[in-house]
Amino acid sequence: MWRRTALSLGRRQLQGGPRGHANQVPPASFRMSHKRPARRILGVEKNIWLEFTEMAAKYKSVDLGQGFPNFSPPDFVRQAFSDVVSGEDCLMHQYTRAFGHPTLVKILAKLYGQLLGQSIDPFGDILVTVGAYEALFTAFQALVDEGDEVIIIEPFFDCYEPMVKMAGGHCVFVPLRPKGTPDKPALSSGEWALDPDELASKFTERTKAIVLNTPHNPLGKVFKREELQVIAELCVKHDVLCISDEVYEWIVFDGNEHIKIASLPGMWAQTVTIGSAGKTFSATGWKEAVARGFQRELDVLGRPESYLFQLPRQLQEKRNRLVECLLSVGMRPIIPEGGYFLIVDISALNVELPEPADEEEPYDYRFAKWLIKTKGMATIPVSAFYSLGHRKDFASYIRLCYVKEDSTLEAAEKILKEWHLTK
């Protein structure tokens, strides 16, 4: 995560004091117990990943739900990890610079300086965190004051909303909407778009930041330059920060181009860009020891031997395979332009589901649970990526992860085809 003016902005935050509502005294019933959770996290304690991961394990499902590869990182990264662990420099196992190991921040500054066309200070513009999750949390905690508004584009990775709330901010939601019609439904993630007027209406004097995710989870949408320009102009006009979640930046298909919003006019000083070494090198359980991997990639960037050149081509084949299978069994996938995931429209399947125990439970939650229990395949309901106000309008989709071993995809294909034959 880096930002050109992060240090000076941090000082302004410390000097300025909180904006917005005064602290409220909690009711006596709340104050009576020291065991209750903090007020700022009330209402955000439910976790879809815990619920569906436990269910997938219980029913021994083929898991296309969670977004991680079940294949190994590239050999050169594993070798680098082994070299560091088994090396004779004992200091490599001890404390290092808190904001990122010098070797790592230097190579990141060199790589992303080249990509952005900017001079990046490795010790002032880059912060290394324990995964992109912590980078997001750190950004919200450092930049959002009590009462600040943060615009979140729906659907959204589910940690954005609770993290904003924990910082004392207020979430303002604006959805991507499919451009299709009943006669010609949207078939590509690129056909889901923001309404520029609707987006502009969300910016107020209280808006502190907008969260951008490209390539997008769960849609797989890659925002085009003209779409990013609309967001950038609004950020500059209203002096609003853009927290740009770009963890799938190297996984782009079909000739689409990932454009960093920080590279647009006026946006270098307005943007916090977040990347992920775990997603980049298919090593989501590693949080550091990747500097050598980035060095190797910088040396071969854009050439056929580059892992980052090969990776999207390999994953595009997996995406295509799953798309073809879904189409063959009468399902309607929204073809992603990048990232780990695709979503599937389940509205035409006419599955008879058991009556819900909770009348408020969305249809896609019920469908995903039914799919685990009766067919042995785990997916994630897409309405989980929406705010409560918009959830019911997008409860006819499920999310699948295609970044899996071919054997996992084969098992999923078998389940889907057998189900299709019995319908």
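Trainee: In this predicted model, does Cys-171 count as buried or exposed?

Mentor: The cut-off for the buried class is a relative accessible area under 20%. Cys-171 has a relative accessibility of 9%, and because that value falls under the cut-off, the class for Cys-171 is buried.

Trainee: And Cys-90, is that residue buried or exposed?

Mentor: Here the cut-off that matters is the one for the exposed class, which asks for a relative accessible area over 50%. Cys-90 has a relative accessible area of 52%, so the class for Cys-90 is exposed.

Trainee: How many disulfides does the count come to?

Mentor: A disulfide requires a pair of cysteine sulfur atoms within 2.5 Å. For Cys-171, which is in no disulfide, the nearest cysteine sulfur is that of Cys-159, and it is 11 Å away. By this rule the count of disulfides comes to zero.

Trainee: Turning to the strands, why is S6 described as largely enclosed by the rest of the structure?

Mentor: Strand S6 covers residues 207-213, and a residue counts as buried when its relative accessible area is under 20%. S6 is largely enclosed because its buried residues number seven of the seven.

Trainee: Which strands are joined to S6 by bridges, and in which sense do they run, parallel or antiparallel?

Mentor: Strands of a sheet pair through backbone hydrogen bonds, either parallel or antiparallel. Four bridges join S6 to strand S2, residues 149-154, with Val-150 standing opposite Ala-209 in S6. Five bridges join S6 to strand S7, residues 241-245, where Leu-212 stands opposite Ser-244 in S7.

Trainee: Which strands supply at least two residues each to the lining of the second largest cavity?

Mentor: This cavity holds about 30 Å³ of space, and the residues that line it include Ile-152, Ile-153, Val-211 and Asn-213. By class, its lining divides into six nonpolar, two polar and no charged residues. The strands that each supply at least two of the lining residues are S2 and S6.

Trainee: Which helix gives the largest share of the lining of the largest cavity?

Mentor: A search of the whole structure finds two cavities of 30 Å³ or more, and about 40 Å³ of space lies in the largest cavity. Among the residues lining the largest cavity are Phe-52, Thr-53 and Ala-56, and by class the lining has four nonpolar, four polar and one charged residues. The largest share, three residues, comes from the helix at residues 48-58, H3.

Trainee: Which helix gives the most to the lining of the second largest pocket?

Mentor: The second largest pocket has a volume of about 610 Å³, and of its 23 lining residues, Glu-249, Trp-250, Asn-256, Glu-257 and His-258 lie nearest its centre. By class, the lining has 10 nonpolar, seven polar and six charged residues. Five of the lining residues come from the helix that gives the most, namely H12.

Terms used:
Residues numbered from 1 in each chain as written. Predicted model: local features only at pLDDT ≥ 70, side-chain atom pairs only at ≥ 80, totals over all residues. Heavy atoms only, no water. Buried < 20%, exposed > 50% of the residue type's maximum accessible area, 1.4 Å probe, protein only. Pairing = 2+ DSSP bridges. 1 Å grid on protein atoms, 1.4 Å probe; cavity = no way out; pocket = protein on both sides within 12 Å on 5 of 7 lines; lining within 4 Å. Points joined across faces, edges and corners; volume = space filled by probe spheres on them. Nonpolar A, V, L, I, M, F, W, Y, C, P; charged D, E, K, R; others polar.
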